[in-house]
Amino acid sequence: MDWGLKNRMQRIFKEDGLTVMLAVDHGYFLGAVSRMEEPAKTIPPLIPYADSLMVTRGVLRNCIDPKFNIPIVLRVSGGNSVLNEDLSNEEVVVSMQDAARLGVCAVALSIYVGTAHEHQTLLALSKLINEARDFGIPVLAVTAVGKELEKRDAKYLSLASRIAAELGADIVKTYYCEDFQKVTESCPVPVVIAGGPKLKDETDIFQMAYDAIAKGAKGVDMGRNIWQSRWPVAVISAIRSVVHEKATVDKAVKLFEGLKNKVA
Ligand code: R5P
């Protein structure tokens, strides 16, 4: 692996080979999502607890102070909105030159396997990988399921994740599901999980992170379950303990309960 690529991967995945990525890229098709109406206020307090930040270039340039020394995973696909029934019609919307100018550690795009735009998004992934290689920048493929949440099963997610890896993605982000080890075992590159829509309570978040790591995930790339919480710092701190300190779910809950009234 080229030095630049290796260095960027190692900045995202810590010495234990695991990572806590904070996902705040939702606005690229959802606009001002609940509790992320003001990214400049919501994101900075969480940065010290994240190993990397997944964000769009608009929010990065306008809402994140360059003084923060956090690896950036830049969302580079888009071109759709939640108002459209079909969310799969995405293309690459950021040049690699601009990504390099922003000093990012990785670029991210969604693929929509099994949808009307499967071909288009898989070609976009391949082209992005070809271009990103010239800059030594890793590519994270998001196995998006759009509005079709019924696709969250091991068979589909394993298929989509493996295809992304076969095309050359360096990291795959997918959803946690039953038999998740089938997804990680058949994917030769690190797999991280998205959190998905807000879960019933914090215990469920920690349980999902715990189970995902136990079944081979190399970390989490979570958004709404962190920053839509009333206690985002306490939630991300407890997730960190699960990922990096091998905390049990009980221990994570205790940590969360202890922190939630002390930190914002
Ligand atoms: C989709 O909007 C993005 O890829 C998100 O980064 C991803 O879904 C993770 O965020 P969440 O944990 O909120 O699902």
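Helices H11 and H12 are roughly antiparallel to each other, a description that applies here to a predicted model. Two packed helices are described by the angle between their axes and the distance between the axes. For helix H11 (residues 232–244) and H12, the axes come within 8 Å and cross at roughly 155°, and since angles over 145 degrees count as roughly antiparallel, this pair falls in that class. The crossing in which H11 passes H12 is right-handed.

On the H11 side, the contact is made by Val233, Ala234, Val235, Ser237, Ala238, Ser241 and Val242, while H12 brings Lys251, Ala252, Leu255, Phe256, Leu259 and Lys260. Sorted by class, the residues of this contact of H11 with H12 are 9 nonpolar, 2 polar and 2 charged.

Helix H12 (residues 249–260) also meets helix H9 (residues 202–214), and here the axes come within 9 Å and cross at roughly 140°, which makes H9 oblique to H12. H9 passes H12 in a right-handed crossing. In H9, the residues Glu202, Thr203, Phe206, Gln207 and Tyr210 meet Val249, Ala252, Val253 and Phe256 of H12, and the residues of this contact divide into 6 nonpolar, 2 polar and 1 charged.

Turning to the ligand, 13 residues surround it, and the closest are Ala23, Ala194, Gly195, Gly223 and Arg224. Strand E10 (219–222) and helix H10 (224–227) are the elements that give two or more residues to the shell around the ligand. Taken by class, that shell has 5 nonpolar, 5 polar and 3 charged residues.

Key: Residues are numbered from 1 along each chain as its sequence is written. This is a predicted model: local features need pLDDT of at least 70, side-chain atom pairs count only at pLDDT 80 or more; totals for chains, interfaces and linings use all residues. Axes are lines fitted to C-alpha atoms, for helices over the stretch in contact, and angles run from 0 to 180 degrees between N-to-C directions. Helices (H or I, at least four residues) and strands (E, at least two) are DSSP runs, numbered from the N terminus. Angles under 35 degrees count as roughly parallel, over 145 as roughly antiparallel, 65 to 115 as roughly perpendicular and the rest as oblique. A crossing is left-handed if the near helix is turned anticlockwise from the far one by less than a right angle, and right-handed if clockwise. Two residues are in contact if their C-beta atoms, placed from the backbone, lie within 7 Å. Ala, Val, Leu, Ile, Met, Phe, Trp, Tyr, Cys and Pro count as nonpolar, Asp, Glu, Lys and Arg as charged, and the others, Gly among them, as polar. A residue is near a molecule or strand if its C-beta atom, placed from the backbone, lies within 6 Å of it.
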